[in-house]
Amino acid sequence: MIVKNIRHRFKLTWQLFKLARKYDVLIEKAVTVKYVDTVSFGIHCTLQSGTYVYGSRSGNKVRFGDHVAISSGCVLLGEGGLALDDFTHLGPRVVITTQYGDSRSDLLQPSAVLKYAPVHLGKGCWIGSGSVIMPGSTLGDGCIVAPNSVVFGTWRNGTSLAGNPARPRER
Amino acid sequence: MKNDRIRTVMADVFGIDAGSISEDASQGTIEQWDSLRHMNLILALEEEFEVRFPEDQIDQLASFKLIALSLDELAADQ
């Protein structure tokens with residue numbers, strides 16, 4: 001078991017090295033990126049400390065545009081496909097998930113039955129700390145999400161969202 | 001007219017043909033109508049009809065008829 005853990009950690013470190021060598025991305029300490037072959041970065045991206053990025057085993061793309069900043073403690077689960085366009089910033093502890101449990105399945109089994117839906121954040125989106133972006137969500141360019149919001153659905157350019165479920169602030 | 005608009009929103013959210021959605025449709029009859037897409041549906045209906053469903057009603061709007069009824073009530077309140 002010890003050897004298995006050491007081997008696993010070495011593999012994760014090697015994958016970070018591969019990413020840093022291939023892309024213009026600043027990777028701070030305690031960052032984990034899995035399935036790096038499906039993950040790509042534009043120029044001048046940052047993954048702050050403690051960020052966890054799960055690529056896709058099924059070959060869907062996890063794509064970061066240019067100047068994308070991921071603050072500390074974010075969790076990005078990209079199995080269903082994830083795109084963060086240029087200049088998008090995630091605050092601390094934001095969770096973006098492209099997978100969710102199938103509540104109609106038998107819950108008493110070793111592997112959960114999951115469903116997948118892609119997430120796309122447009123250019124220049126700001127996501128407040130602690131927010132959760134649910135599977136299938138699409139934000140247009142320049143959207144702002146208040147801290148601790150839970151985002152579902154599709155929103156046009158420039159929408160400001162807040163709450164759970166997150167709704168446009170002007171209403 | 002209102003029912004056609006509901007049908008169009010449901011078809012878009014569930015990714016199915018609007019013609020296949022009857023007025024008896026419910027979470028039990030539409031396979032794609034899971035808990036996640038239910039939230040997407042509620043928010044898309046709020047955008048389409050420019051209303052806001054009461055928080056305590058959201059989970060209960062699990063059929064076409066209940067949605068139509070709730071939209072009627074919200075329209076009457078406005």
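This report covers the sheets, core, helix packing and backbone details of a predicted model.

## Basis

The model is predicted: local features need pLDDT of at least 70, side-chain atom pairs count only at pLDDT 80 or more, and totals for chains, interfaces and linings use all residues. Residues are numbered from 1 along each chain as its sequence is written, while chains are lettered from A and ligands numbered from 1 in the order in which they are written.

## Sheets of chain A

Helices (H or I, at least four residues) and strands (E, at least two) are DSSP runs, numbered from the N terminus. Two strands pair if DSSP finds at least two bridges between them. One open sheet in chain A has six strands, ordered E3-E6-E9-E14-E17-E20, with parallel pairing. Its edges are E3 (39-41) and E20 (154-155); each has a single partner strand, so one side of each lacks a neighbour in the sheet. Inside chain A, E6 (residues 62-64) and E9 (residues 82-84) pair in the parallel sense over three bridges. There, Arg63(A) stands opposite Ala83(A).

Another open sheet in chain A has eight strands, in the order E1-E4-E7-E10-E15-E18-E21-E22, and its pairing is mixed. E1 (25-27) and E22 (167-168) stand at its edges with a single partner strand each, so one side of each has no neighbour in the sheet. E10 (residues 89-90) and E15 (residues 126-127) of chain A are joined in the parallel sense by two bridges. Leu90(A) faces Ile127(A) in this pair.

## Nonpolar core

A nonpolar core is a set of buried Ala, Val, Leu, Ile, Met, Phe, Trp, Tyr and Cys residues joined through C-beta atoms within 7 Å. Buried means 20 or more other C-beta atoms within 10 Å, exposed 12 or fewer, and partly exposed in between; C-beta atoms are placed from the backbone. The largest core has 56 residues. Leu76(A), Ile96(A), Ile133(A), Val151(A) and Met10(B) have the most contacts inside it. Helix H2 (residues 35-49) of chain B gives the largest share, six residues.

Contact means C-beta atoms, placed from the backbone, within 7 Å. Beyond its neighbours within four places in sequence, Ile133(A) contacts Ile96(A), Val119(A), Ile127(A) and Val151(A).

## Helix packing in chain B

Axes are lines fitted to C-alpha atoms, for helices over the stretch in contact; angles run from 0 to 180 degrees between N-to-C directions. H1(B) (residues 2-14) packs on H2(B) at about 140 degrees, with the axes 10 Å apart. The two are therefore oblique (under 35 degrees is roughly parallel, over 145 roughly antiparallel, 65 to 115 roughly perpendicular, the rest oblique). Residues in this contact include Met10(B) of H1(B) and Leu41(B) of H2(B).

H1(B) also packs on H3(B) (residues 64-77), at about 125 degrees and with axes 11 Å apart. This pair is therefore oblique. Lys2(B), Asn3(B) and Ile6(B) of H1(B) meet Phe64(B), Ile67(B), Ala68(B) and Leu71(B) of H3(B).

## Backbone details

Most residues other than glycine have a negative phi, and most peptide bonds are trans. His44(A) has a positive phi, near 55 degrees. It sits in the loop between E3 and E4 (45-47) of chain A. Not counting residues up to four places away in sequence, His44(A) touches Asp24(A), Asp66(A) and His67(A).

Arg93(A) also has a positive phi, near 60 degrees. Its place is the loop between E10 and E11 (95-97) of chain A. Asn164(A) and Pro165(A) are joined by a cis peptide bond, with omega about -5 degrees. Pro165(A) lies in the loop between E21 (160-162) and E22 of chain A.

Methods. Two residues are in contact if their C-beta atoms, placed from the backbone, lie within 7 Å.
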